[in-house]
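Biologist: Please take a close look at one part of this model, and then go through the aromatic pairs.

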Amino acid sequence: MTTSIKFIATDMDGTLLCDNKMLPSDFYEVFQQLQQKNILFSAASGRQYQSLVNTFKPVKDEMVFIAENGTLVMYKGKEIYSSTIPTDEIHTILQSVQQVPDCEIVLCGKNSAYTEATSEQALNEIRKYYHNLKLVDDLFSVDDEFIKIAVLNFNGTEEHIYPVLAPLFGETHQVVVSAKIWLDLMHKTASKGAAIKHLQKEFGFTFEESMSFGDFFNDVEMLKETYHSYAMENAHPEIKKLARFEAPSNNEQGVMTVIKKTIL
């Protein structure tokens, strides 16, 4: 029985959500029990803030949102932390990514996400994660505070995109494979882990009092910043090596299973 937990962060896709993108059937019931124990719950995702709020509408003011892979942290509708990229750096990255074949780009700002994508297949995939999405003719003319560039490649980003972009931007920015067909470029210091470090100071809980669940490379820093780190059974093999514990798969509601067994 783990009674000392004060904070739980979970990734969404491939972790909390089953493959059909649904929340676990008993999520709200478990959430209420965590509330009664004063345990802070956070969705930590590559997804956009507006998209996360939409998913958790009934409890949106009771939880913390670590959005866009930790580049924007929101609580009760207020920003408590963000990590932006200067516009000139954004333009440099865009120029390079546009040279890479078969890629669609999502430019992520605080107000909205922006894309030049036109194919139905790409837009359907993008809309899963970006609730506020504007279709534009020219990403270079967009005006916003930028937090991330997401690259979509249906052939697989780990094999095809990371080897191209990591040598170009790995020294200056965070370049991370966030899913089989997604890769994210962010501020060098941005990560879900950096966001959790900030929350530990802000809310006064410790590394030992923190629990997290993840399945892919954008979860690495988060798992490192929490003592009770769980890789899903369906996680990338490298993530399983890194995490301290293993949870049942996302389709077996693994996050809820562990919480009920260890905390409730």
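**A loop residue and the ring pairs**

Modeller: In this predicted model, Asn218 lies in the loop between β12 (210–214) and α8 (220–224). Its relative accessibility is 7%, so Asn218 counts as buried, the cut-off being under 20%. The side chain of Asn218 makes a polar contact of 2.8 Å with the side chain of Asn69. Leaving aside residues up to four places away in sequence, Asn218 touches Asn69 and also Gly46, Val176, Val177, Ser178 and Lys192.

Now the rings. A pair of aromatic rings is described by the distance of the centres and the angle of the planes. The structure holds 15 aromatic pairs. One of them joins Phe56 and Phe65, with 6.2 Å from centre to centre and 50° between the planes, and is tilted. Phe56 has a relative accessible area of 0% and is buried; Phe65, at 1% relative accessibility, counts as buried. Tyr129 and Trp182 form an edge-to-face pair, because their planes stand at 85°, where over 60 degrees is required; the ring centres are 5.8 Å apart. This pair links distant parts of the chain, with Tyr129 in helix α4 (residues 120–129) and Trp182 in strand β11 (residues 182–187), 53 residues apart. Tyr129 is buried, with a relative accessible area of 11%, and Trp182 counts as buried at 5% relative accessibility.

Phe56 and Phe65 also belong to a cluster linked by ring pairs, together with Phe27, Tyr28, Phe31, Phe41 and Tyr49.

How values were computed
Residues numbered from 1 in each chain as written. Predicted model: local features only at pLDDT ≥ 70, side-chain atom pairs only at ≥ 80, totals over all residues. Heavy atoms only, no water. Helix = DSSP H or I, 4+ residues; strand = E, 2+ residues; numbered from the N terminus. Buried < 20%, exposed > 50% of the residue type's maximum accessible area, 1.4 Å probe, protein only. Polar contact = N/O pair within 3.5 Å; in protein donor to acceptor, adjacent residues only side chain to side chain. Contact = heavy atoms within 4.5 Å. Phe/Tyr/Trp six-rings, centres within 6.5 Å; stacked < 30°, edge-to-face > 60°.
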